Structure formats: C-alpha cells, structure tokens
Amino acid sequence: MSENFNHAQIIKDPEDNYKILGTRPVRHDGVDKVTGRAVYANDVQLQGLVEAAILRSPEAHARILSIDTSEAEAHPGVLAVTTSADFPDLGDKVANLGEGPVNLAHLAANCLAKDKVLYKGHAVAAVAAQNVHIAREALDLIKVEYEPLPVITDALEAMKDGAPLLHEGLLTNLVPGGGKAETPSNVSDHHHFKRGDTEAAFEAAHIVVEREFTTQTVHQGYIEPHAATAHWNQDGQLTVWASTQGSFSAREQTSEVLQVPISKVKVIPCEIGGGFGGKIPVYLEPVAAVLSRKCGRPVKIQMTRDGVFEGTGPTPASFMRIKLGVDETGKMTAGEAWLAYDTGAFPGGVIGPGVMCVFSCYDIEHANIDGYDVCVNKPWTKAYRAPGSTHVAYAIESVVDELAEKLEMDPIDLRLLNAAREGTKRVDGPVYPRIGLIETLEAAKNHDHYKSPLEGPNRGRGVAAGFWFNIGLKSAATAHVNADGTVTLLEGSTDIGGTRTSISMQLAETLGIAAEDINPKVADTDSVGYTDITGGSRVTFATGLAAVEVGKDIISQMKGRAAKLWECEAADVEFSDGVFSQEDNSISFKELCAKLNTTGGLITARASVDPQGFTNGFGVHICDLEVDVETGKVQILRYTALQDAGKAIHPSYVEGQMQGGSVQGIGWALNEEYLFDEKGHMLNPTMLDYRMPTALDVPMIDTVIIEVPNPSHPFGVRGVGETPIVPPPGAIANAVKNATGIRMTDLPMSPPRVHSAIMENGNGTS
Amino acid sequence: MGKKIHVSTTINGEAVEFLCEARQSFLEVLRDTLTLTGAKEGCNNGNCGACTVLMNGVPVDSCLVLAVEADGAEFETVESIATEEHLHPLQECFLEGAALQCGICTPGFLVSAKALLDNQPEPTEEEIRFELSGNLCRCTGYDKIVRAVQTASERMKEVK
Amino acid sequence: MAIVHVPPQMQELTGGLAEVEAEGNSLRRLISNLDTAYPGFKDRLIKDDLVAPGLAISIDNVVTSRGIFAEILEDSVVHIVPAIAGGH
C-alpha cells in the first residue's frame with residue numbers, strides 16, 4: 001500500500017477477537033468538520049442575536065469601591081449592562097455538581113467580581129450591544145474605582161506568616177478527614193499521607209537523592225476561545241448554547257449561580273474546539289443569561305484570546321521537594337514529597353491528585369507526603385489534562401533517573417524493579433487491581449527506539465513513566481432501532497476527539513453490525529439522560545458502557561420479536577455475531593429490524609450507568625533530543641509514547657490522544673509559561689508570546705498501544721486521554737541531563753533557562 | 001462609527017457585495033454578515049491560523065485583513081474545497097487518517113495545506129511542517145496532520 | 001468486621017490508631033458506629049448526608065459514588081482519600 005498513515009504497534013491481549021473494536025472507521029461527524037459546516041459555539045446564529053463584551057480588572061488585587069455604569073448604559077447601541085449586583089446572594093452555599101462540590105459564591109464571584117478583584121483580568125462587568133465593537137466602546141465608559149491591595153503571586157510567599165490574605169477568614173482544610181486549621185491563611189488545603197517510618201528508612205538507605213523543582217503556570221491552550229449564547233425567554237425558560245465539556249454540568253452551574261430551577265435551563269452543547277479540562281467551569285453562561293434577561297434578546301459572548309489567558313483557569317505553578325531512598329539493589333525503600341501548588345484566586349486546586357500521583361508508579365514501603373493548595377493573585381486554576389500529575393511526574397521521574405545514574409543501572413530496569421503492579425498498595429491506601437505498567441515498561445525496553453544508538457554531541461535520551469486515574473461517573477444513552485437496520489444513538493458526552501465513534505463502535509460490536517450503521521447524536525440536556533462531563537478519561541469507558549447496556553436491552557427486546565415470528569419462548573432465542581437463532585430458525589439483525597413494525601413497533605432502548613470506582617492508566621515515553629549549547633534551544637529528534645489502553649476501541653484516536661498529549665507535554669517542558677510582572681500582570685497573553693508547539697517544533701510521535709484489559713469494563717477499556725501529557729517533562733529533563741550533564745529542575749526548559757544553566761555549569765557535553 | 005463602506009469582492013467564485021464598517025475585519029464580515037462560518041476565530045491577532053483563507057491564491061489570516069481590503073480581491077474559503085459531490089483528497093485523508101480531534105483548527109489547516117499542494121504537489125515533511133507552522137493545533141500533536149497531507153499528495157499524484 | 005484505614009489527619013480521633021475495625025452494612029452505619037467509638041468521626045466525613053467536600057471513600061479499592069448508601073461487606077476494607085475532581 002502506497003498510503004501509510006503509520007498506525008501504532010499494538011500489543012494485543014491474546015483473548016481479543018473483536019470484529020468492530022480495533023478497526024478505524026471514519027468518524028460520524030467527520031464530513032461536517034472538514035467542510036466547515038460543524039456548528040461551534042461562536043457559529044450560532046439566532047434571530048435578534050446581540051453581542052456582549054467583558055470588562056476585566058486592570059489590577060491583580062484590589063477592593064472595588066464603586067462601579068458606575070450609567071455612561072455605558074446611555075451609549076448608543078448598548079442594550080444592557082451587568083455587574084455582580086445582578087447575581088443573587090449565594091452566601092456560602094456549596095453545591096455538589098456531579099464531579100465534585102463547588103463553592104457557589106466563588107463560582108459566581110469568578111464570573112463577575114463581587115467586592116474584590118483577585119487577579120488581573122478578573123471579570124468585573126459586561127455589556128450587550130448591537131455588535132461587539134459598540135459593546136467594547138461602552139466598556140471604556142464604565143467607571144470602576146479600585147483600592148489597590150498588596151499583590152502576591154508566589155505560593156511559597158503566600159504561605160508565609162504575615163502574607164497579605166486573599167480571603168480573610170480562610171481556614172485550611174486538613175485533608176483527608178482532618179477538619180479545619182484554626183488560623184486563617186492563604187492555604188486552602190493541606191493534604192497529608194504517611195506510612196511506615198521514613199526517618200529510619202532514609203537512615204538505612206544505600207543512596208538518597210533529594211531535589212527541589214519548580215514549574216510555572218501553563219494554559220490548556222485550546223484553539224477555540226470560550227463562547228456562550230443565552231436566551232432568557234419571557235416565560236422564564238433559559239436556553240444556553242455552550243462550548244462546554246459537560247452540558248449537564250453547565251446547566252447545574254448556571255442554574256445554581258442564577259438560583260433558577262434546573263428545569264428552567266436547557267443547555268445545547270455545540271461542537272467544542274478543545275477543552276483539556278478548561279471548559280468544565282462556567283465563565284460566560286450566567287453573564288450572557290443575565291444580559292439576555294435584561295434586554296430580552298439572545299446574547300452571545302465570545303472571549304478574546306487575552307481574556308482566555310487572563311480570565312480562565314490554567315494549571316497551577318508548583319514548588320516540589322522530593323526525597324527518595326534505595327537499597328543496594330535499587331529497591332526503593334523510602335519516599336518523601338513536599339508539594340505546594342498555587343490554586344490562583346479562589347480555594348480548591350489540584351493538589352489532591354498531586355499527592356495521590358507523586359508515588360503512584362512505584363511500590364515504596366515508607367512514605368510521607370505533604371501537599372498544599374495556596375491562594376495567590378492569579379487566575380483560578382482549573383483542571384488541565386491529568387490535573388496535578390504532570391508536575392509531580394516531572395519531579396519524581398527526574399529523581400528516579402538520578403538514582404539510576406548513581407546506581408549505574410539502566411533507568412527502565414530501575415523502574416521495572418520498583419514498578420507498581422496488581423496488589424501494590426498505594427501511599428494513599430487503596431490497592432491496585434490489574435494494571436499494565438510492567439508491560440508498558442517492558443515494551444519500552446524492547447522498542448527499537450530504546451535499543452538504537454544515539455550519537456552526536458549534545459544529544460541525549462531520556463525516559464519517564466506517568467500515571468493518571470480514569471474516573472467513572474454517570475452516563476446515559478438512548479437508542480432508536482430503525483426499520484432499515486440502523487440505530488440512532490442519543491448520548492450526552494461532548495465529543496472533543498472522536499467519542500461519537502468510539503461509543504458507537506461499542507454499540508455496534510454488541511449488536512454485531514457495522515459502526516457506520518450507528519447514527520450517533522450528542523443531545524441537549526432535555527433530550528438525553530443525565531451525563532457527567534467529558535473529562536477524567538471517562539467517556540469511552542463510561543458512556544461506552546452505557547452504549548453496551550443499551551445494546552443488551554435492544555437484543556433482549558429483539559429476542560422477544562424473533563420469538564413472536566417463530567412462535568417460541570424469547571428465552572430460547574440465541575444471539576451471536578449479529579444473528580438471532582432458535583433451532584433451525586435464524587434471522588440477521590438487519591432482517592429482523594425490517595419486521596419490527598409488524599411485530600409490535602420499532603424499538604427504543606435506554607441505559608443509565610454509574611460505574612463504580614476508577615481504573616488506572618500508565619504510560620512510558622522515550623525522547624531523544626539535541627541541545628544547541630550556543631542558544632539553549634532544545635530540539636526533539638525522536639519521540640515514542642507507549643501506553644496501556646486496556647482495549648483501543650478506535651486505535652487512530654487512541655494514537656491521537658497519545659500524540660497530542662505528548663506534544664502538549666513537550667510544550668509545557670520546553671516553552672510554555674505565564675510570565676508575570678511584579679504587579680501580577682501577565683506579560684504574554686497572546687498565542688505568539690505564550691509559545692505553544694507548532695508543526696515545525698516537533699517530530700512525528702511514534703506510538704505503541706499495550707492492551708492489558710481493564711477487568712471492570714466488558715471490553716477491557718481504560719481511559720487514555722490524560723496520561724500522555726504526564727511523562728514528557730520528566731523524559732525531556734532526563735534527556736537534557738544526558739545531553740549536557742545538567743539537571744534542569746525548573747520548567748520550562750526554555751532557551752534562556754537552558755542557556756544560562758550551561759553558562760553556569762560550563763560548556764557541559766555528554 | 002461613521003458611514004458603512006460598500007465592498008465588491010469574489011468569494012469561492014461568486015461575485016459578492018457587502019457593506020461594512022472600516023473597523024471590521026474580513027473574518028468578521030465572512031462569519032457574521034455572509035454567514036460563512038467555516039473560518040474560525042481563535043485569537044483575532046494572526047497567531048493561530050484558524051481563520052486562514054486564500055486571498056488572490058495566497059493564504060492569509062482573515063482576522064488581519066480589513067474587510068475594506070477585500071474590494072476587488074478573490075477569496076477561497078474552506079467551504080469551497082469540496083465539490084458538490086466529492087470531498088477533496090485532503091479532506092478524505094484528514095478523515096481517514098484521523099487528522100482532527102476537536103476540529104476547530106481543521107478549516108485553517110485544510111486551506112493552508114491546499115495552498116501548499118497547489119504550489120508544491122510533492123512537498124517533503126520539512127516543507128509541510130514549515131508551511132503549516134502558522135496554523136496551531138492543540139489536539140493532534142501534528143503527526144496525523146502531516147501524514148494526511150503526505151497521503152493526499154500521493155493520492156493526487158496517482159490521479160494525474 | 002470491616003477494616004477502616006484512618007488517614008494521618010484523622011488519627012487524633014483514634015488515639016493514633018491507623019487502622020480500626022467497625023460493624024455496619026452501609027457506609028452510613030459504619031461511620032455512625034465509628035462515631036460512637038471515636039466521637040467526631042462522622043463530622044469529619046459526612047456533611048448534609050453527603051461525603052464531605054474534597055473527600056472520597058474507597059471500599060475494597062474502588063472509590064464509591066454511592067455515598068452513605070454504599071454497601072459494606074463483612075470483610076470490606078475502607079480508605080478515606082482525597083476526591084480527584086480538582087476545584088471545589
């Protein structure tokens with residue numbers, strides 16, 4: 001074949017004999033997306049639509065003394081102006097919004113600041129007008145009087161006694177289960193785990209390595225800015241067209257912020273132009289809704305790009321101190337981690353997963369972990385692909401590499417010796433079920449990339465492992481069986497990367513029909529059962545499970561119809577490979593569909609699932625690179641990502657997740673960071689200066705999919721979306737060390753940082 | 001605001017006239033006035049390439065073209081790449097090779113890639129990466145996009 | 001009796017014990033029994049009949065979404081862990 005899309009090497013489970021799963025059909029929404037016809041949130045056109053713009057704070061920390069909107073309201077073409085005064089008073093209400101509790105007062109105050117602005121770019125007011133240009137003119141006419149307050153942007157500074165407080169009266173949550181601290185501070189959460197006797201174990205260790213690491217704030221960098229349109233009808237019915245990772249979550253958040261009944265809010269999910277965790281919280285929906293209520297017209301808001309950088313939730317900057325001890329054989333005996341992440345303006349960040357992920361790849365008997373979420377005057381951090389895990393993986397994988405060097409051991413062998421496996425007890429307590437880290441490490445060790453020599457000056461190879469959970473959560477699906485043998489599938493999971501197809505394929509496999517015979521639709525919140533967010537690597541796993549359950553329901557109902565045809569008991573009808581049979585009778589799925597109308601009508605099936613628990617995804621990456629010692633620029637020469645996918649339903653999209661996550665991780669490792677001045681102003685809120693990888697910056701990303709079936713899914717699916725961002729910074733740091741002799745302990749390893757490290761350490765060549 | 005300005009232009013082979021304000025970008029008019037929403041706004045300052053269109057055969061960021069500059073020019077947008085009955089080989093290869101995930105950058109990539117293949121039917125990997133470096137994609141890591149363009153180039157050669 | 005692993009931040013309630021045993025066929029009963037033995041246990045874990053914000057309960061190595069109605073078996077092992085969802 002002259003055509004080569006270069007498919008991954010797949011290391012299959014020997015029992016695997018699926019017909020549809022593992023094939024590569026064209027995605028169902030594909031033609032719309034390559035012809036420009038797919039409707040994203042900013043493509044929504046409605047009768048009477050008007051546009052709005054957001055006024056953002058020029059101060060990083062200030063009390064709002066007054067807001068005068070009168071001139072803006074009088075500006076020709078302006079239809080409505082809003083501030084937080086139009087939101088209901090939410091007190092200290094905490095709502096459980098599907099994937100976790102949310103402090104509603106904080107959520108609302110992040111949409112429109114209440115009393116105080118807590119970061120530069122914090123939304124303060126909004127204007128709806130005949131067009132966005134008029135709305136922006138009117139923003140300049142809003143007079144806000146600020147009383148500037150001391151600004152603090154560094155987590156360690158914010159933790160010090162006497163640091164200016166962002167939230168007076170904030171008492172630290174002691175997690176898990178520890179109640180609250182007694183004295184107010186900027187620390188919103190302190191997580192602590194301990195087992196065994198680390199002090200004695202470090203004392204007895206053969207080698208101990210202790211290092212400190214920092215990472216900077218980075219953004220998800222989705223190409224589509226946040227956008228929302230709201231129409232508040234005269235009957236009180238609110239309809240929202242949103243770019244969201246979860247239409248039900250957006251509905252709940254909007255309903256809670258505005259204190260209107262959930263039944264009065266309908267969210268219509270549009271196609272979404274990337275999310276990576278950043279499009280779970282609402283920013284615009286409640287604001288557009290209030291403006292619409294005020295002016296009686298549908299209101300659309302699209303964020304500007306600098307609004308996205310400054311006003312939405314990136315992932316935290318971090319400080320990490322890691323200490324790891326091994327015995328003579330390389331067995332890890334003791335580990336200690338002290339972690340501080342900045343949560344940005346409001347409490348509640350991602351330190352929880354950070355503490356749970358730091359030692360999650362290894363079996364370590366004695367361990368002690370402390371992790372802190374700290375409020376600072378920066379945007380409120382939110383989830384970003386394996387939230388909290390990439391930071392700690394960069395730190396721990398660097399330390400493991402250094403231990404391998406000191407032990408004169410192959411770095412993969414050291415990881416294999418200590419790798420978590422079925423039965424390993426995590427430091428936070430639970431015990432792993434069947435997982436595939438060992439298989440993934442072995443595949444890396446046997447890979448041509450790892451075995452091939454790397455020659456030339458200033459070149460180095462690095463490896464790193466990474467871990468992320470897969471959450472379960474709730475999903476629903478409804479299916480209509482059509483007389484022509486096709487099935488219309490309604491589901492509620494925003495399709496960010498081909499999940500319509502990965503879900504449909506699981507239904508097709510269950511029914512023994514072609515993936516193309518399923519017609520999937522992502523339905524609005526009035527048209528399908530409750531479904532949690534697209535996030536946590538859960539959609540192919542959990543919504544896929546709902547589709548499998550729907551398939552079983554269809555088969556069961558259709559057995560009844562076959563029984564009618566054959567005048568037998570439904571229990572005697574068998575189904576396999578798309579064919580119903582009983583003794584000498586048999587009929588295909590398609591043929592039986594043609595007879596549904598005359599045997600009781602067409603069939604509808606539904607399922608709602610809440611799979612318990614989560615499984616685990618492990619990846620290992622290998623990176624070759626070259627450092628330009630004159631400029632400090634790092635060029636990636638070759639990159640291979642290996643991952644346990646459980647079962648790759650649509651391998652192309654599994655590869656795509658691995659490649660895309662790898663390149664996001666490469667960007668995080670090498671270039672991306674928020675730069676702040678001393679006033680807490682972001683200096684680089686554009687896609688030119690916030691430097692994400694372009695096609696020219698990266699090589700092809702080779703992939704190897706390992707299939708160690710997940711015992712808690714009928715097809716063995718594990719979530720794959722998030723793990724791939726976790727290993728790159730560690731793998732790249734280890735490769736830079738091997739190329740230059742210098743261990744880079746601060747991200748990003750950007751040209752200025754690498755260059756000055758080379759200057760300080762001499763012209764180190766490997 | 002001032003008076004609106006009359007502009008005569010050609011878009012996807014059709015003569016088009018519109019009225020615009022001096023401050024409006026061509027992207028804004030394309031999307032809001034002419035409802036050609038295939039070109040996307042990702043940054044509105046020429047850094048992401050999601051709004052790429054061909055202006056007199058040259059790929060441009062339509063957010064950086066003033067609508068008034070469209071007068072007398074000829075444009076091709078993503079909406080013109082497929083024929084009535086068939087997708088362009090680039091579109092087919094993007095789909096078969098899974099070269100899109102969220103799809104928001106796809107229109108811009110298709111327009112840039114088409115301009116590349118129109119001028120250089122057999123580009124090297126390096127040339128593809130260079131020519132597409134003005135288009136940002138955050139989902140795919142570019143691997144499958146580059147391969148889709150390579151495969152489309154092969155397919156178009158076979159047809160000739 | 002089910003075994004409950006007590007995280008370090010809660011061990012002040014159990015006099016330093018890292019592991020305690022308790023009866024109860026649901027999480028609600030189990031915690032209620034623990035609260036009798038170690039007053040304050042329930043307050044730390046349950047708010048308004050829900051698992052407290054920021055926490056999750058792992059039963060036999062599976063984090064439950066059934067809250068206080070989750071089933072506890074005679075030989076279950078229970079861990080109290082941070083909730084994964086970032087942001088609250």
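Predicted model: local features only at pLDDT ≥ 70, side-chain atom pairs only at ≥ 80, totals over all residues.
Start with the chains. Two pairs of chains touch, and the pair with the most contacts is A and B. Chains B and C, on the other hand, do not touch, and their nearest C-alpha atoms lie 22 Å apart.

Next comes the contact of chain A with chain C. Here 42 residues of chain A meet 27 residues of chain C. Several elements of chain A each put at least two residues into the side that touches chain C: the strands β5 (94-96), β6 (101-103), β10 (173-175) and β11 (187-195), along with the helix α10 (351-357). Of the elements involved, β11(A) gives the largest share, with five residues. As for the make-up of this side of chain A, 19 residues are nonpolar, 17 are polar and six are charged.

Then there is chain A itself. The chain is split into domain 1, made of the segments 1-11, 435-466 and 614-766, and domain 2, which covers 475-609. Taken over C-alpha atoms, the centres of these two domains of chain A are 39 Å apart. The domains do meet: 15 residues of domain 1 of chain A are in contact with 14 residues of domain 2 of chain A. On the domain 1 side of that contact, helix α18 of chain A (residues 651-670) supplies the largest share, three residues. Sorted by class, the side of domain 1 of chain A that touches domain 2 of chain A holds seven polar, six nonpolar and two charged residues.

Conventions. Residues numbered from 1 in each chain as written. Chains lettered and ligands numbered in written order. Contact = placed C-beta atoms within 7 Å. Helix = DSSP H or I, 4+ residues; strand = E, 2+ residues; numbered from the N terminus. Nonpolar A, V, L, I, M, F, W, Y, C, P; charged D, E, K, R; others polar. Domains from an automatic or database assignment.
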